[in-house]
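Please look at the sequence and the structure first.

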Amino acid sequence: MRSPLLEAPVHITQWLPDETLFSLCSRLHHILGHATSESTCKVLFGHTRQGSSHDIPVRLDEFTNRTHACFGDSPQVIWDRTILPFYLRLAQEHAVENAIATARSPSLGNLKARLGLLASRFGASHPLKACPECMREDFEVHHVSYWHRDHQWPGAWMCIKHQRPLVRGIGKVSTRGRFHWYLPSDMQLVSCMESSELATAAPFLLRLTESAIGFGSGPPQGRFSSRLLAHTYRRRLAEIGIINAYDRIHAKDLGTILDSQLEPISRVFGFDALGQGPSSLCEQFSRLLREPRATAHPLRHLLFISAVFDSWTSFLETYRAPQQEPPPA
């Protein structure tokens with residue numbers, strides 16, 4: 001049985017550059033001309049609400065079946081067009097398989113809890129973000145503004161292309177609009193922080209965004225070891241004199257460095273936990289330096305990397321260095 005979607009005069013058959021799944025579906029909603037968001041969700045995902053999430057996908061097999069895999073199969077869509085990979089880079093193989101299976105299934109269940117989003121200080125919601133310059137250029141080139149995946153990664157608050165802060169959309173994470181289909185031009189967009197504070201925060205936000213893109217992107221097999229990350233961090237801290245020859249951490253110095261880097265962004269949406277002073281920051285992040293008992297939120301790793309390394313590239317060079325493999329316990 002052919003999908004009702006393919007019986008309609010739809011002229012969208014391919015992705016726009018760096019486009020997200022939510023953006024594609026929002027474009028389809030506009031072209032299909034449905035009076036309600038529920039109608040579009042039913043056509044695309046076989047349900048009036050499940051499938052309309054802008055961050056963690058669900059019912060992907062239903063979507064690919066109904067579009068006859070015109071936009072790729074379910075794993076392709078997950079790895080290339082959603083932010084779910086961000087939460088899989090540190091996960092064990094069985095957890096990755098379970099998360100992918102859940103995203104393909106009819107119900108998301110407790111996936112956000114299993115990924116650690118609910119227990120973190122960074123929250124489980126992901127505001128939609130856009131660059132005003134990209135919106136203008138996209139409209140000129142593609143006749144529509146759309147959501148770029150590189151703007152949606154947790155921690156990404158700068159547009160790498162235009163070197164300017166992103167703005168966030170108001171409405172999708174609220175009760176009233178959580179099931180709606182939005183393009184950037186449909187939403188009220190607000191600054192991520194006060195303009196007077198952006199100049200101070202911008203250099204770190206740029207490094208953090210580069211790290212978020214580097215961490216979230218890549219092939220499915222591109223995962224990181226929490227054990228090797230801890231060893232990499234200790235090597236870097238030894239280089240800058242925060243760990244002495246006896247492998248003791250100078251907690252006061254570490255707290256000072258973290259505070260100088262992270263306090264300026266504590267007014268950015270979602271980062272208020274970073275403004276609690278050097279001692280709190282040292283306590284929060286020093287856990288990353290020990291053999292992990294549980295997987296930390298990926299954003300915590302990226303904040304630490306951006307604070308102590310000069311760039312994402314310099315971090316990768318240290319992480320991948322052959323001699324950095326720690327000895328067996």
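In which helix does Ser 226 lie? Ser 226 belongs to helix 11, which covers residues 226–239. The structure is a predicted model, in which local features need pLDDT of at least 70 and side-chain atom pairs count only at pLDDT 80 or more, while totals for chains, interfaces and linings use all residues. Residues are numbered from 1 along each chain as its sequence is written, and side-chain values use heavy atoms, with hydrogens and water left out. Helices (H or I, at least four residues) and strands (E, at least two) are DSSP runs numbered from the N terminus.

Ser 226 counts as buried because its relative accessibility is 15%, and buried means under 20% relative accessible area with a 1.4 Å probe and protein chains only. Leaving aside residues up to four places away in sequence, Ser 226 touches Leu 90 and Pro 292; contact means heavy atoms within 4.5 Å.

The next topic is empty space. Rolling a probe the size of a water molecule over the atoms shows where empty space is left. A cavity is a set of points, on a 1 Å grid over the protein atoms alone, where a 1.4 Å probe fits but cannot get out, and lining residues have an atom within 4 Å of a point. Its volume is the space filled by probe spheres set on the points, which are joined across faces, edges and corners. There are two cavities of 30 Å³ or more.

| Cavity | Volume | Lining by class |
|---|---|---|
| Largest | about 170 Å³ | 11 nonpolar, seven polar, two charged residues |

Helix 2 (residues 21–32) gives the most to the lining of the largest cavity, with three residues. For the second largest cavity, the largest share, also three residues, comes from helix 8. Its lining includes Lys 129, Cys 134 and Trp 147.

Strands form the last topic. Two strands pair if DSSP finds at least two bridges between them. Strand 1 and strand 4 (residues 167–170) run antiparallel and are joined by two bridges, with Lys 129 opposite Arg 168 in strand 4. Strand 4 also pairs with strand 5 (residues 188–191) in the antiparallel sense, over four bridges. There, Val 190 in strand 5 is the bridge partner of Arg 168.

Note on methods: On a 1 Å grid over the protein atoms alone, a cavity is a set of points where a 1.4 Å probe fits but cannot get out, and a pocket is an open set with protein on both sides within 12 Å along at least five of seven lines; lining residues have an atom within 4 Å of a point. Ala, Val, Leu, Ile, Met, Phe, Trp, Tyr, Cys and Pro count as nonpolar, Asp, Glu, Lys and Arg as charged, and the others, Gly among them, as polar. Buried means under 20% relative accessible area, exposed over 50%, partly exposed in between (1.4 Å probe, protein chains only).
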